[in-house]
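Visitor: I would like to go through this structure residue by residue. Could we begin once it is on display?

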Amino acid sequence: MTDSLGVWLRRSREARKVDLEEAVRALRIHLRYLHALEMGDYESLPGPIQARGFLRNYARYLGLSAEEALARY
């Protein structure tokens with residue numbers, strides 16, 4: 001079974017030993033939005049365009065395929 005998007009992101013981040021605060025500083029994306037992506041709480045994101053941009057940047061930061069992340073979204 002394929003992990004949900006949020007689980008995939010969180011596990012990838014944890015495997016790289018990066019905490020959310022470090023990702024926030026590197027990406028300049030608010031903590032609540034990165035947390036929402038990892039929790040699958042898409043209603044807490046500002047809108048679909050911004051959500052896709054956040055997701056694309058977060059995936060690249062984690063060394064993941066942005067295309068796969070968007071497909072999972």
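Visitor: Is Lys17 buried or exposed?

Guide: This is a predicted model. In it Lys17 is exposed, because its relative accessible area is 73%, above the 50% cut-off.

Visitor: Where does Lys17 lie?

Guide: Lys17 belongs to the loop that runs between helix H1 (5–15) and helix H2 (20–27). Although Lys17 is not a glycine, its phi is positive, about 55°.

Visitor: And what is the phi of Arg28?

Guide: Arg28, a residue other than glycine, has a positive phi near 60°. Arg28 sits in the loop between H2 and helix H3 (31–39), and it counts as exposed at 76% relative accessibility.

Visitor: Turning to the rings, how many aromatic pairs are there?

Guide: The count comes to two aromatic pairs. Tyr33 and Phe54 are stacked, because their ring centres are 5.2 Å apart and their planes stand at 25°, below the 30 degrees cut-off.

Visitor: Which parts does that pair tie together?

Guide: Tyr33 is in helix H3 and Phe54 in helix H4 (residues 48–61), so the pair links parts 21 residues apart in sequence. Tyr33 is buried at 16% relative accessibility, and Phe54 is buried at 17%.

Visitor: What about Tyr42 and Tyr73?

Guide: Tyr42 and Tyr73 form an edge-to-face pair, with 5.0 Å centre to centre and 85° between the planes. Tyr42 lies in the loop between H3 and H4, and Tyr73 in the segment after helix H5 (66–72), so parts 31 residues apart in sequence are tied together. Tyr42 is partly exposed at 28%, as is Tyr73 at 33%.

Visitor: Which residue lies over the face of Trp8?

Guide: Arg72 does, at 4.1 Å from the ring centre.

Terms used
Residues numbered from 1 in each chain as written. Predicted model: local features only at pLDDT ≥ 70, side-chain atom pairs only at ≥ 80, totals over all residues. Heavy atoms only, no water. Helix = DSSP H or I, 4+ residues; strand = E, 2+ residues; numbered from the N terminus. Buried < 20%, exposed > 50% of the residue type's maximum accessible area, 1.4 Å probe, protein only. Phe/Tyr/Trp six-rings, centres within 6.5 Å; stacked < 30°, edge-to-face > 60°. Lys NZ or Arg CZ within 6 Å of the ring centre and 35° of its normal.
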